[in-house]
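Biologist: Can you walk me through this one? I'd like to start with a single residue and then move on to the ligand.

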Amino acid sequence: MLEVQGLTKVYTPKKGVPVRALDGVDLKFEETGMVFVLGKSGSGKSTLLNLIGGLDSVTEGDIVIKGKSSADFSQADFDSYRNTFIGFIFQEYNILTEFTVGKNIGLALELQGKKADKASIEEILAQVDLTGYAQRKPNELSGGQKQRVAIARALVKNPEIIMADEPTGALDSTTGKQVFETLQKLSKTKLVIIVSHDRDYAESFTATA
Ligand code: ADP
Ligand code: MG
């Protein structure tokens, strides 16, 4: 479904020397499952995710999505890929703090042109194990619960791929584990790509996935 060939990214800052963040990366992903991208800070993990998520441009190489090369993608193809195919999760929870959990999901549903009724909201919340939390405000949630609301928002578009960049970077190990458990459950039907610097976690989760 998703493959990268010779993926290269060179950043050219206004001042200073160019940075070769990725240098000819080849990868092939399965249709579903949980994949960890490990590496020390500055090794190009976020760059890799941003390129395959269509958030930034490729310097050299190719991304092949369902047999179609990104070189043949129009701007509209890229927009639709980003908007319907990929769900992004970031370290900083992408939620609206002034609204309830339910409203957060409801607004995301409306943005997708979907019905934002109670049943639809509850169905999404159930997928991230937050049944019954619709009335809570984000400041009444743990960090892990906030991150699961962010995952729920990403799930609204029913993406085939979820990409998470250090999703537990701001969490303690207990709430971080709940986030990984939710992502692991979703990886039964989706491809979940997780950037992490925590090798122990990655190994314990891929061993049981
Ligand atoms: P990681 O996520 O593994 O910590 P990044 O992908 O963020 O690594 O960064 C890889 C390298 O690219 C680093 O040397 C970083 O400084 C550099 N880099 C990242 N983004 C930019 C940018 N917008 N401009 C210039 N250099 C960048
Ligand atoms: Mg990073």
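Modeller: Helices here are DSSP runs of H or I with at least four residues, strands are runs of E with at least two, and both are numbered from the N terminus. This is a predicted model, so local features need pLDDT of at least 70, side-chain atom pairs count only at pLDDT 80 or more, and totals for chains, interfaces and linings use all residues. Residues are numbered from 1 along each chain as its sequence is written, ligands are numbered from 1 in the order written, and side-chain values use heavy atoms, without hydrogens and water.

Biologist: Where is V179, and is V179 buried or exposed?

Modeller: V179 sits in helix 6, residues 173-186. Buried means under 20% relative accessible area and exposed over 50%, with partly exposed in between (1.4 Å probe, protein chains only). V179 has 0% relative accessibility, so V179 counts as buried.

Biologist: Which residues is V179 in contact with, leaving aside neighbours within four places in sequence?

Modeller: Contact means heavy atoms within 4.5 Å. P167 is 12 residues away from V179 in sequence, with 7.8 Å between their C-alpha atoms. The contacts of V179 are G144, Q147, R148, I151, P167, T168 and L171.

Biologist: Which element gives the most to the shell around ligand 1?

Modeller: A residue is in that shell if one of its heavy atoms lies within 4 Å of the ligand. Among the shell residues are Y11, K40 and S46; an N or O atom in the side chain of S46 is 2.9 Å from a ligand 1 oxygen. Strand 2 (19-29) and helix 1 (45-52) each give two or more residues. With three residues, the top contributor is helix 1.

How values were computed. A polar contact is a pair of N or O atoms within 3.5 Å; within protein, one must be able to donate a hydrogen and the other to accept it, and residues adjacent in sequence count only if both atoms are side-chain atoms.
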